Amino acid sequence: MAMKCMMSTGESKEMKSKLHRVEFGCSEESMVPENFVWPDEFKARDGAPELHVPHIDLHKFLNGNESDIEEATRLVDEACRKHGFFVLVNHGVDMELMKRVHECMDEFFTLPFDVKQKSQRKFGENYGYANSFIGRFSNNLPWKETLSLPYVANHNSTSVQDFVSKCVGPELSHQGKVYQECGKALSDLSLKIVELLGLSLGVPKEKFKKFYEDNDSIIRLNYYPPCEKPELTLGTGPHCDPTSITILHQDHVSGLQVYVDDEWHSIPPTKNSFVINIGDTFMALTNGVYKSCFHRAVVNCKEVRKSMAFFLCPAADKVVRAPDEVVEKNPPRKFPDYTWPMLLELTQKFYRADSNTFQAFIPWLEKQKSANTTAPPAL
């Protein structure tokens, strides 16, 4: 990869300046600052094999005969027990809408840096613009920019649109309308996905749908600029999503990798599809039967990569607890009861999400509960 990505000596400094040096704090001497360089054991290598995940035809599942339903649930169950990833096709989401989302992303992320910083995401907050998480982390920084937006599944809610107008700027309110429409479409899709997951797991399909009907979710727009030395850094470091279900739309540039069977595998983009993966919170709802898998994003030296993730999250007051019928088939109960804001607080303020997030969360949660129990009453 390094040899393929070397710039020719005839290329000008003006050409190099297009690689987001200012945004990423780079100097003239180094295209990849030290705090963006990852340890050798995490660095990407050429030639990651493709992970062959099932492509699930949602239309057939929703409208098909019994054999179509059985086939879809079997494939999803197998994938989710092993690594938690599958691809959704014929999903009913308007791809022209997703095209408009990517056009809005192009518009936002190519704005001057000082304009984007007006919506800077502050420490401990969940929404806004983030430039490589500089300020939140000091090393192993991701080679990317993000814009995170709040989506609330309420018929009258305009949470995304309002956030964009207020924090990003009224001049970009047209983007807010597109993201709001996208959030609604993906929230509706997520309820169909959890129906599929419920049937695959062997519980009534309405069970998880009711749990997430009033979801309080996150839209995250990811922008990965080209990097002259992509072998030194990562677009997103290895982690498991602490959320419930991730619906990922990729552009045409490959970059998603999943760690399965002690090896990194790629999931290349496929047209008109979404990549679906299980997060830690849904893993807890299945008592660990369905897996939240370690994954990352790699970068390249040739072109920008964009992706949009819809992170399905339960409403703040919903208690995450695996159904009794799931625990009875897979005893004992493996996870404590909690609400999503508790896990979110850990990952936003105290712990950088990785493959051990839940191992860190359980003792932290017990400590929080103990502190609340022993605290003296307020005067």
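Start with α8 and α9. From α8, the residues Leu 191, Val 194, Glu 195, Gly 198, Leu 199 and Leu 201 meet Lys 205, Glu 206, Phe 208, Lys 209 and Tyr 212 of α9. Contact here means heavy atoms within 4.5 Å. By class, that contact has six nonpolar, one polar and four charged residues. The classes: Ala, Val, Leu, Ile, Met, Phe, Trp, Tyr, Cys and Pro are nonpolar; Asp, Glu, Lys and Arg are charged; the others, Gly among them, are polar.

A word on the source. This is a predicted model, in which local features need pLDDT of at least 70 and side-chain atom pairs count only at pLDDT 80 or more, while totals for chains, interfaces and linings use all residues. Residues are numbered from 1 along each chain as its sequence is written, and side-chain values use heavy atoms, with hydrogens and water left out.

Now the geometry. Helix α9 covers residues 205–212, and its axis comes within 7 Å of the α8 axis, crossing at roughly 145°. Axes are lines fitted to C-alpha atoms, for helices over the stretch in contact, and angles run from 0 to 180 degrees between N-to-C directions. Helices are DSSP runs of H or I, at least four residues, numbered from the N terminus. The α8 and α9 crossing is right-handed; that is, the near helix is turned clockwise from the far one by less than a right angle.

Next, the other partner of α8. Helix α7 (residues 159–168) packs against α8 (residues 173–201) at about 160°, axes 8 Å apart. The two are therefore roughly antiparallel, the term for angles over 145 degrees. Their contact uses Ser 159, Val 160, Gln 161, Val 164 and Ser 165 of α7, and Ser 173, Gly 176, Lys 177, Tyr 179 and Gln 180 of α8. By class: three nonpolar, six polar and one charged. The crossing of α7 and α8 is right-handed.

On to single residues. Asp 77 sits in helix α4, residues 66–82. Is Asp 77 buried or exposed? Buried, because its relative accessibility is 15%; the cut-off is under 20% relative accessible area, with a 1.4 Å probe and protein chains only. Beyond its neighbours within four places in sequence, Asp 77 contacts Ser 200 and Tyr 290.

Last, cysteines. Cys 240 has 5% relative accessibility, so it counts as buried. Cys 313 is at 0%, so it is buried too.

Technical notes
Buried means under 20% relative accessible area, exposed over 50%, partly exposed in between (1.4 Å probe, protein chains only). Angles under 35 degrees count as roughly parallel, over 145 as roughly antiparallel, 65 to 115 as roughly perpendicular and the rest as oblique.
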